[in-house]
Amino acid sequence: MVIRRETEAEFPQIYDLVKVAFQTAKVSNGKEQDFVNQLRSGNYIPELALVAEENGQLVGHIMLTKAHVVDGETKFETLLLAPISVALEYRNRGIGSALIKESFRLAKARGYTSVLLVGDPAYYHRYGFRTAAGFGIKPTHPIPDENVMACELVPNALRGVCGTTDCF
């Protein structure tokens with residue numbers, strides 16, 4: 001398996017991969033593939049949009065995009081992990097884990113210190129995610145606290161950071 005940057009030519013294939021992957025996800029609104037396109041038009045970081053490829057076939061995808069936590073006039077830059085997708089027949093092979101670890105490595109090398117996401121705590125806790133509310137970070141949209149999570153790429157990166165985020 002190879003993990004590399006996505007290319008613009010692959011956007012339609014990635015759209016389909018995300019759509020099909022989320023048809024069997026525990027938590028899904030059915031619009032994750034459209035959210036990927038929306039994220040590319042805003043706070044997109046091409047170096048942090050990765051695919052997993054096996055035998056010439058795209059089997060996984062992850063994106064980290066710029067996000068902010070706002071408290072009055074204070075604005076803290078962080079990243080949003082959304083979404084991560086692995087083709088059904090390639091799940092439970094470590095592809096999602098490899099995508100997360102590589103995206104975190106690249107993000108940290110670019111100077112980013114934290115990541116936010118909405119997802120299943122049972123899956124994401126193993127990567128260091130905890131409830132964002134525990135850091136004092138809340139979404140502007142009504143999402144259950146246990147599903148809104150944050151991870152520090154650098155120890156204590158979120159110490160003293162609190163506020164709201166509308167990145168979800």
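Cys151 is buried, with a relative accessibility of 4%. In this predicted model, the sulfur of Cys151 lies 14 Å from the closest cysteine sulfur, which belongs to Cys167, and that is too far for a bond. Cys162 is partly exposed at 35% relative accessibility. Its closest cysteine sulfur is also in Cys167, at 16 Å, again too far for a bond. How many disulfides does a search of the whole structure find? The search finds zero. A disulfide would need two cysteine sulfur atoms within 2.5 Å, and the sulfur of Cys151 has its closest cysteine sulfur at 14 Å.

**Strands and their pairing**

Strand S3 covers residues 57-71 and strand S4 covers residues 74-86; the two run antiparallel and are joined by 11 bridges. Within this pairing, Leu64 is placed opposite Leu81 of S4. The two strands make a hairpin, with two residues between them. Gly72 sits in the turn of that hairpin and has a positive phi of about 65°.

S4 also pairs with strand S5, residues 114-118, this time in the parallel sense and over two bridges. Here Leu80 has Leu116 in S5 as its bridge partner. Helix H3, residues 95-109, belongs to a right-handed β-α-β unit together with S4 and S5.

**Helix H2**

**Salt bridges**

Side chains of opposite charge can pair when their charged atoms come close. The structure has seven salt bridges.

| Salt bridge | N to O distance |
|---|---|
| Arg4 and Glu53 | 3.3 Å |
| Arg110 and Glu47 | 3.6 Å |
| Asp145 and Lys138 | 3.1 Å |

Arg4 forms a salt bridge with Glu53. Arg4 lies in strand S1 (residues 2-5) and Glu53 in strand S2 (residues 49-54), so this pair ties together parts that are 49 residues apart in sequence. Is Arg4 buried or partly exposed? Arg4 counts as partly exposed, at 22% relative accessibility. A network of salt bridges links Arg4, Glu10 and Glu53.

The side chains of Arg110 and Glu47 meet in a salt bridge. This pair also links distant parts of the chain: Arg110 is in the loop between H3 and S5, Glu47 is in the loop between H2 and S2, and they are 63 residues apart. Arg110 is partly exposed at 45% relative accessibility, and Glu47 is partly exposed with a relative accessible area of 28%.

In the salt bridge between Asp145 and Lys138, Asp145 is partly exposed, with a relative accessible area of 33%. Lys138 is partly exposed as well, at 37% relative accessibility.

Methods. Residues are numbered from 1 along each chain as its sequence is written. This is a predicted model: local features need pLDDT of at least 70, side-chain atom pairs count only at pLDDT 80 or more; totals for chains, interfaces and linings use all residues. Side-chain values use heavy atoms; hydrogens and water are left out. Two strands pair if DSSP finds at least two bridges between them. Helices (H or I, at least four residues) and strands (E, at least two) are DSSP runs, numbered from the N terminus. A crossover is right-handed if, with the strands pointing away from the viewer, the path from the first strand over the helix to the second runs clockwise. Buried means under 20% relative accessible area, exposed over 50%, partly exposed in between (1.4 Å probe, protein chains only). A salt bridge is a side-chain nitrogen of Lys or Arg within 4 Å of a carboxyl oxygen of Asp or Glu.
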